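Thanks for making the time this morning.

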Amino acid sequence: AGWSLDLVPNPDILATLAKEFPTAKKIGFAAEPTDDLAHAEAKIVRKGLDAIAFNNVSLPGLGFGSDRNALTLIRPGLDPLSSGERTKLECAFWLFETLCSHAS
C-alpha cells in the first residue's frame, strides 16, 4: 500500500487580519531566496499591508540558522530602507524604531 497525504491550504492570517482591522498598521515579513523585491512588493498589495520587511535568505551567514540578518523595509510609494547586516535582535530594534519614526 502506498502513502497518501491530503493537504489543504492554511488561511492567510495576515490578509484576514488586514481586512478585519482596516485602521491597524499591518507589517508583514517576506523571506525570499533572491534579492528581487518584486515578490515582496506584490505581497503588500495582495495582503493589504502598510509595509513589509524583506530579507534574502539565500545569503550565506544571514537568515535561517544564523544570528545575523539584513532587512529591507518596503513601503508603498517610498524608497526601500535597508538595515544593513546586524544581529537579529538589532534588526528587530531597527525595524521597530524605523516604523515608529516613519509612522503617519
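Predicted model: local features only at pLDDT ≥ 70, side-chain atom pairs only at ≥ 80, totals over all residues.

Residues are numbered from 1 along each chain as its sequence is written, and side-chain values use heavy atoms, with hydrogens and water left out.

One of the salt bridges joins K26 to D50, with 3.9 Å between the closest N and O atoms. K26 sits in the loop between α1 (13-20) and β1 (27-32), and D50 in the loop between α2 (38-47) and β2 (51-56), so this pair ties together parts that are 24 residues apart in sequence. Helices and strands here are DSSP runs, H or I of at least four residues for helices and E of at least two for strands, numbered from the N terminus. As for accessibility, I call a residue buried under 20% relative accessible area, exposed over 50%, and partly exposed in between, using a 1.4 Å probe and protein chains only. On that scale K26 is buried at 9%, whereas D50 is partly exposed at 30%.

The next pair is E32 with K43, whose closest N and O atoms are 3.4 Å apart. Since E32 belongs to strand β1 and K43 to helix α2, the pair ties together parts that are eleven residues apart in sequence, and both residues are buried.

A further salt bridge connects E85 and R68, at 2.9 Å between the closest N and O atoms. It links distant parts of the chain, with E85 in strand β4 (residues 81-87) and R68 in strand β3, 17 residues apart. R68 itself is partly exposed, with a relative accessible area of 29%.

That brings me to the sheet, where I treat two strands as paired if DSSP finds at least two bridges between them. The sheet is open, has four strands in the order β1-β2-β3-β4, and its pairing is mixed. Because β1 and β4 stand at the edges with a single partner strand each, one side of each is left without a neighbour in the sheet.

I52 lies in strand β2 and is buried at 1% relative accessibility. T72, in strand β3 (residues 68-74), is also buried, at 16%.

Finally, the cysteines. Taking a disulfide as a pair of cysteine sulfur atoms within 2.5 Å, the structure holds zero of them. C91 is in no disulfide, and its nearest cysteine sulfur, that of C100, is 16 Å away, which is too far for a bond. C91 is buried at 4% relative accessible area, while C100 is partly exposed at 46%.

Methods. Salt bridge = Lys/Arg side-chain N within 4 Å of Asp/Glu carboxyl O.
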